[in-house]
Amino acid sequence: MALGMHPFTQDREEFERLGARTAGMLGEYLRALPAQPVDRVVPEEARHRLMSLPMPDTGLPADEILEFLRREILPWPVSVGHRRSYGWVNSPPAPIAILADAVASTMNCGLDGFDHSALFLMSSLGRWIMELVGFPTRGSLCLLLSGGSAATLNALSAARHHAAERAGWDLRKEGLQGGRARLVAYASAESHSSIQKCVEQLGVGTDNLRDIEVDDAFRMRPDALRRAVEADLAAGHLPFAIVACGGATNTGAIDPLDAVADVAREFGIWLHVDGAFGAWAALDPAYAERFKAVARADSVTLNPHKWPQVPVDCGALLTRHPDAHRAAFSLTPDYLPAGNSEVPWPCEYMFQLTYGNRALKTWAALARLGRSGLAELVTRCNRLAGLLDARVRVAPDLELLAPASLSVVNFRYRPAGRRLDDAALDDLNQRISAAVSESGEAHLPTSRVRGRTSLRACFLHYENDEGDVDHLVGLVQRLGSELAA
Ligand SMILES: Cc1ncc(COP(=O)(O)O)c(C=O)c1O
């Protein structure tokens with residue numbers, strides 16, 4: 001059989017037409033989103049269709065593929081992207097970053113190394129990111145990984161390697177099975193679940209992740225941290241990392257970074273700040289002081305796919321010790337001539353080899369916002385959380401469960417003039433959250449604060465304003481009173 005033009009060649013020749021069709025579809029999606037229900041459920045038939053597609057024997061026409069995406073995929077997102085989606089810490093995608101990502105896919109040059117433009121851009125971008133949050137740039141390195149979990153795993157791998165090396169332990173050769181001292185790490189119960197996952201992945205085990213007490217505002221207590229480190233050292237253990245919250249996901253709590261850094265320095269332990277969500281608030285004058293000690297951290301996790309609105313996925317790792325990362329990860333077989341370049345090859349400082357070019361979308365979002373644009377966004381979101389906090393405090397039927405910190409507020413509906421116990425309020429607020437989703441007007445998932453079910457709101461969208469706070473308070477009060485009746 002004679003071979004016709006390869007389908008990919010055909011698409012390349014028609015790229016402008018197909019691209020214009022795609023751009024039209026995506027523009028329509030982005031502009032229609034604000035008027036759509038916030039939470040949408042994939043209908044039963046659509047789920048079934050999507051799960052039972054047969055692999056086509058011969059390739060489909062490109063236009064049919066685009067039509068499938070328009071008809072079967074675009075209508076059913078999770079609520080991320082809508083300004084009234086207050087769940088988790090997920091941002092909408094910056095439109096310019098979507099387009100820059102298409103440039104990265106088109107060039108298809110991984111950010112692992114070699115000699116291409118994005119690798120050099122990465123030097124400027126890494127410097128920008130470090131400067132934005134006050135992390136020292138000199139001798140430091142920024143890597144763009146798949147998210148906060150990957151960034152923290154990378155940092156803690158380097159911290160573990162560093163501590164082992166100082167104890168005369170060749171971790172890469174011996175592994176963890178040589179009967180060496182027990183590795184221990186420290187974090188508060190408010191820390192993100194990814195910290196536990198990392199400790200598990202590193203073979204340290206959750207028994208050796210010390211759960212450091214928090215104060216009334218959910219912040220790690222430095223005195224409790226010091227006592228835990230002293231006890232471990234007295235027992236002959238090997239502390240390798242302290243992980244401080246630079247903005248807890250659940251409550252927005254910020255550990256006292258300066259005091260925690262004092263303990264880390266006193267005992268010579270690697271300090272990692274998990275600022276995946278919060279450390280961008282170094283740009284908000286109301287929070288800048290609390291993030292100053294980011295400058296004293298050995299490493300920081302910071303997610304561009306949160307406040308800077310970079311489309312998923314992108315988590316930045318900032319480290320003062322590129323050498324420790326290189327010692328922990330570098331492996332250069334003959335076919336990989338890494339290390340001779342003007343700029344570091346990321347693949348030498350991390351577990352992955354080939355990996356995506358997240359630099360262009362991140363650069364595009366930050367360049368489009370500028371320092372002042374990002375500062376304005378972060379400051380506005382924090383101010384809106386403060387406003388919601390104030391509205392909840394004066395409402396007779398709402399109760400604050402954790403005060404606003406960063407752009408997060410935890411509260412619950414509590415019918416005025418009626419005595420309901422915590423179990424009844426938990427159930428009521430769970431139903432309110434579900435009713436909010438069903439209304440299509442917002443997405444407001446529940447969490448738990450001191451064992452009580454909370455409605456947890458997080459502001460992150462580039463368009464959030466005071467009208468959103470008014471709307472949210474009114475919606476919860478209306479649905480709450482209907483459900484409580
Ligand atoms: C404070 C904090 N740390 C870590 C993470 C984990 O980041 P990722 O989901 O990008 O892996 C998140 C968010 O999910 C977070 O909010």
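Predicted model: local features only at pLDDT ≥ 70, side-chain atom pairs only at ≥ 80, totals over all residues.
This report walks through the ligand site, the salt bridges and a few backbone details of the structure above.

## About the model

Residues are numbered from 1 along each chain as its sequence is written, and side-chain values use heavy atoms, with hydrogens and water left out.

## The ligand and its shell

Let's start with the ligand. There are 13 residues around the ligand, and Gly148, Ser149, Thr249, Asp274 and Lys306 come nearest. A residue is near a molecule if one of its heavy atoms lies within 4 Å of it. Sorted by class, this shell holds 2 nonpolar, 9 polar and 2 charged residues. Here Ala, Val, Leu, Ile, Met, Phe, Trp, Tyr, Cys and Pro count as nonpolar, Asp, Glu, Lys and Arg as charged, and the others, Gly among them, as polar.

In Asp274, a side-chain N or O atom is 2.7 Å from a nitrogen atom of the ligand. Thr249 has a side-chain N or O atom 2.8 Å from a ligand oxygen, and for Asn303 a polar side-chain atom lies 3.0 Å from an oxygen atom of the ligand. Taken alone, the ligand exposes 380 Å², and the protein buries 83% of that. These areas come from the Shrake-Rupley method with a 1.4 Å probe.

The whole structure contains 35 salt bridges, each defined as a side-chain nitrogen of Lys or Arg within 4 Å of a carboxyl oxygen of Asp or Glu. One of them joins Asp63 and Arg21, whose closest N and O atoms are 2.6 Å apart. Asp63 sits in helix H4 (residues 62-73) and Arg21 in helix H2 (residues 15-32), so this pair links distant parts of the chain, 42 residues apart. Helices (H or I, at least four residues) and strands (E, at least two) are DSSP runs, numbered from the N terminus.

Asp63 is partly exposed at 24% relative accessibility, and Arg21 is partly exposed at 32%. For these labels, buried means under 20% relative accessible area, exposed over 50%, and partly exposed in between, with a 1.4 Å probe and protein chains only. Glu67 has 21% relative accessibility and Arg70 has 40%. A network of salt bridges links Glu14, Arg17, Arg21, Arg49, Asp63, Glu67, Arg70, Arg71 and Glu72.

## A bridge across the sequence

Asp468 and Arg83 form another salt bridge, with their closest N and O atoms 3.0 Å apart. Because Asp468 lies in helix H15 (residues 466-484) and Arg83 in the loop between H4 and helix H5 (95-107), the pair ties together parts that are 385 residues apart in sequence. Asp468 is buried, at 0% relative accessibility, whereas Arg83 is partly exposed at 22%.

## The E3 to H10 loop

Glu213 belongs to the loop between strand E3 (209-212) and helix H10 (222-234), and is partly exposed at 42% relative accessibility. Beyond its neighbours within four places in sequence, Glu213 is in contact with Arg219, Met220, Arg221, Ala224 and Arg227, where contact means heavy atoms within 4.5 Å. The side chains of Glu213 and Arg221 are joined by a polar contact of 2.8 Å; within protein, one atom of such a pair must be able to donate a hydrogen and the other to accept it, and residues adjacent in sequence count only if both atoms are side-chain atoms.

Phe218 lies in this loop as well. Its phi is positive, about 70 degrees, although Phe218 is not a glycine, and the residue is buried at 8% relative accessibility. Pro222, in helix H10, touches Pro256, Ala259 and Val263, not counting residues up to four places away in sequence.

Phe114, in the loop between H5 and helix H6 (117-133), has a positive phi near 75 degrees. Phe114 is partly exposed, with a relative accessible area of 40%. Finally, the peptide bond from Val312 to Asp313 is cis, with omega near 5 degrees. Asp313 is found in the loop between strand E6 (299-302) and strand E7 (315-319).

How values were computed
Polar contact = N/O pair within 3.5 Å; in protein donor to acceptor, adjacent residues only side chain to side chain.
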